[in-house]
Amino acid sequence: MMLGLLWVVSDAGEAAETVRFNPAFFGNGRGETLDLSSYERGNPLTPGTYRLDLYLNQNRIGTQEILLRTSADGSKVEPCLPPALLEQLGVDFTRLPEDQATQARAAECLGPDEMVPQGHLEVDMADLRADLSIPQLYLTRTKRGYVSPKEWDAGVNAGFLGYSHNLSENRSNGQSSRQFYSGLNTGLNLGQWRLRHNGSYRYDGQSSSGRSSQYTALSSYVQRDITAAQAQLTLGEFYTPGNLFDSFSFTGIQLRSDERMLPDSMRGFAPVIRGVADTTAKVSVRQGQNLLYETTVSPGPFAIDDLNSAGYAGDLNVTITEADGRTKSFVVPYASMAQLLRPGSSRFSLSAGRLRDDSLDSLPGFVQGTYQYGLSNLWTGYGGSLLAQDYRALQGGVALSTSLGAVAMDMTHSQASGLSDSQADSRAQLSGRSLRLSYNKQIESTATNFSVAAYRFSSEGYLNFDEFARLQDNPSQNLSLKQRSRLQLSLSQPIGERLGQLNFSGLAQNYWSRDQGRDVSYQVGYSNSFDWGSFSFSATRTRSGSGSMDNQYLLSISLPLGRSRYSPFLNSSISYDGRGNHGVNTSLSGSLGDSGQVGYSLYGSRDLYEGQSNSNYGGNLRYDAAHANYNLSASRGENYQQANLAMQGTLVAHPGGINATSGQGETMAVLEASGAKGAQVLSNATTRIADNGYAVVTGLTPYRRNDMALDPKGTSRDVELEMTSQQVAPRAGAVVMLRYPTVTGRAMLLKLVRDDGEVIPLGAQVLGPTGEVLTQVGQGGRAFVRGLEGQGQLSIQWGEGQNCLASYRMPSDPAPNDEYYQQLELPCHTGSRILNR
């Protein structure tokens, strides 16, 4: 069958094979056939500009507008790409001969044969896909996950208002009260600048004491990207970074590196893996049983410097598999913590302004700078300074990644002057040091993980900047209440397969005042999961500075009541303390709806505290709508009852209008699909195209390619999306616009019947009243068309000079509800006689 269907003719002088189809298989009983010559070198293309998914060496790049043009000899239609786009994709024209490189850069658009030797560009219009193949020789090496700053979209001028409202009413012991809280996050984007304001409003109405209300402005600032420095510039009310010095709020200016601008493979810490391959070899990197990275390298020395950060601990096992089957293995120590950076990478921050604290009358000005630099796989150095009138602090530290774990050590020296004798205990100035030590390690043989272990000691004369400002503002402040030392420890230990996990955490701190004593708290816990559910147990012991002890025990059990996606859960917990107080709490919670947009929970509890028994019960109902999230709850107990109503979402004003969304976040996309009301955004089950043709999606990842796809299910049958998916890499805080073209018109399934009784050949073209190609004829003479209005005439063409004409009059009544596409049978007349229906 297939041998008769096509013949393959290969010509050594041609770049592609010629495929010739046997036209007899597409004919009818009278021997009329299609002219298939245009299909001999693949599906024919129509000149024009199309939005296609572009792939480079089988890796998806994103959606691009690609020009299809007629070749110079007029024999075919071929795709072409601008040189600027090719360079953006990593094509290095400097590796071509100089005259070819100059010619390529000067061209307006480069076809498949004009790019680089052995480069290919193919288009599949059925999948709306363009595949670009470029040999590695002509590609610059880029880090995995790299997105060029040229792709970062600053978005459009837009404004938004994010809100979180909560209204509650309480009745207790004959008294009633009503409270309202509203948290606001507002923004305005103008060009590259982003204006932000955060605030909250609170209303309190008491039946006994009257009413009060207050609005609190938390912060207001403008911000923009500084791309060349991979940093953010901020002016206004903001916060200093807390990675080296203690963070505090201030009013002023800040320039701070933004690690989000780096590729995923360059964020965090991972060592550079170096080795030597004897042949073209495969290099595999594993952490435990997990394969983290695999690549092929050429003979000679190699370096892998784009390994994704792999947690906080666990040595890396590297295996080199040579082409002849030989293998070589070695281990690269790996343990990480926040202070560690990759070799050659750095972070910095510069802040200047005035401390912001409404409780202080005198607000000192300051300048602060910090810097971190990855010196090697082993060392990272960091330091900084904070300078103000009568105050300065200097810090220096080092972080190490070794086979024994990751360690960070730093010391901060502070010196404060201009203090009164009473403030400084008969000294005109105070100086001191603060030592900080952190450690992190995972013991692979036992899977023990020291996730955080930190110790900090501060001498009596040490002051951080906030303490200095308070001491200067209030001379009577007691320095002896300052913290002297603090020790934190946290570790986890899996016991074995299906045997659960043990956890331990502890905290101890003391003060310079002996009257304050020493605070100690530690907790040990066990948890496990089974097919029938999960449970956990924890015991906590706390000793306050006064010497009193407090023990707490908690047992929790969770049971799924079914196996479906939204089956409810039954949760129960029992608590007990060392003084005989205890309590029992039981709740039932679950979700309803196709996407879990409705949530519910019911609970009841009973406790005994200091000999008095109390019972409580209540419920909660959640609904996630496209425009907002709603939450309604009510509870009742001994001598009280309470009701709450909460609502949160975001209003966005953009060039196309105003839209509401239930999501919250500063980086967002506005999707435009005219007429496609009801189309669902696949990344959020509750977000759909609204009546005005727009939808807002929040929570995009800045500086990364985000897939934005629409599902046309739920739209009108008379609307068709020409494109359903796009990619965008927004800048932080941007509001980007994405347009999804639509075709609006009645959808119709035509059945074309020739007046001579013959079948119209498969693949015949259907031309509209103005001669444009509408569609092709399928099996049984059927053709799907959209957008025909009123009446007119269609021309159906096949072969050379073979055609028939079909007159149509669109029915005025829409299709029945059970018939998605309306059907219309049309006679198709051959010859010159045309009959109007």
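Analyst: In this predicted model, a residue counts as buried when its relative accessible area is under 20%, as exposed when it is over 50%, and as partly exposed in between.

User: Is Glu 720 buried or exposed, or does it fall in between?

Analyst: Buried would need a relative accessible area under 20%, and exposed would need one over 50%. Glu 720 has 35% relative accessibility, which lies between those limits, so this residue counts as partly exposed.

User: Which residue meets the side chain of Glu 720 in a salt bridge, and where does that partner lie?

Analyst: The side chain of Glu 720 meets that of Arg 786 in a salt bridge of 2.9 Å, taken from N to O. Glu 720 belongs to strand β44 (residues 719–721), so the pair ties together parts that are 66 residues apart in sequence.

User: How many residues apart in sequence are the parts tied together by Arg 731 and Asp 225?

Analyst: The structure holds 22 salt bridges, and one of them joins Arg 731 to Asp 225, with the closest N and O atoms 3.0 Å apart. Arg 731 lies in the loop between β45 (725–730) and β46 (735–739), whereas Asp 225 lies in strand β12 (residues 210–226), so the separation of the two parts in sequence is 506 residues.

User: Are Arg 731 and Asp 225 buried or exposed?

Analyst: Arg 731 has a relative accessible area of 9%, and Asp 225 has one of 2%. Because the limit for buried is under 20%, Arg 731 is buried, and Asp 225 is likewise buried.

User: How many disulfides does the model contain, and what is their pairing in sequence order?

Analyst: Cys 80 and Cys 109 form a disulfide with their sulfur atoms 2.1 Å apart, and Cys 804 and Cys 828 form another with their sulfur atoms 1.9 Å apart. The count comes to two disulfides, and when the bonded cysteines are numbered in sequence order the pairing is 1-2, 3-4.

User: What is the handedness of the disulfide between Cys 80 and Cys 109?

Analyst: This disulfide has its sulfur atoms 2.1 Å apart, and the pair links distant parts of the chain, with Cys 80 in strand β5 (residues 77–80) and Cys 109, 29 residues away, in the loop between α3 (98–106) and β6 (120–124). Both cysteines, Cys 80 and Cys 109, are buried. The torsion about their S-S bond is about 100°, so the disulfide is right-handed.

User: Which strands hold Cys 804 and Cys 828?

Analyst: These two cysteines form a disulfide with a torsion of about 95° about the S-S bond, so it is right-handed. Their pair ties together parts 24 residues apart in sequence, because Cys 804 lies in β53 (residues 802–809) and Cys 828 lies in β54 (residues 822–828).

User: In β53, which residue is the bridge partner of Ser 795?

Analyst: Strand β52 (residues 791–798) runs antiparallel to β53, and eight bridges join the two. Within β53, the bridge partner of Ser 795 is Leu 805.

User: Which strand supplies the largest share of the nonpolar patch?

Analyst: The nonpolar surface patch of about 700 Å² is made by Trp 532, Phe 537, Tyr 553, Leu 555, Ile 557, Ile 574, Tyr 576 and Val 584. Both β32 (549–560) and β33 (569–577) supply at least two residues each, but the largest share, three residues, comes from β32.

User: What is the phi of Tyr 703, and is this residue buried or exposed?

Analyst: Tyr 703 lies in the loop between β42 (694–698) and β43 (706–711). Most residues other than glycine have a negative phi, yet Tyr 703 has a positive value near 65°. Its relative accessible area is 0%, so Tyr 703 is buried.

Methods
Residues numbered from 1 in each chain as written. Predicted model: local features only at pLDDT ≥ 70, side-chain atom pairs only at ≥ 80, totals over all residues. Heavy atoms only, no water. Patch = residues over 30% accessible without salt bridge, like charges linked within 9 Å, V, L, I, M, F, W, Y side chains within 5 Å. Areas by Shrake-Rupley, 256 points an atom, 1.4 Å probe, with all protein chains shown as cover. Salt bridge = Lys/Arg side-chain N within 4 Å of Asp/Glu carboxyl O. Helix = DSSP H or I, 4+ residues; strand = E, 2+ residues; numbered from the N terminus. Disulfide = S-S within 2.5 Å. Buried < 20%, exposed > 50% of the residue type's maximum accessible area, 1.4 Å probe, protein only. Pairing = 2+ DSSP bridges.
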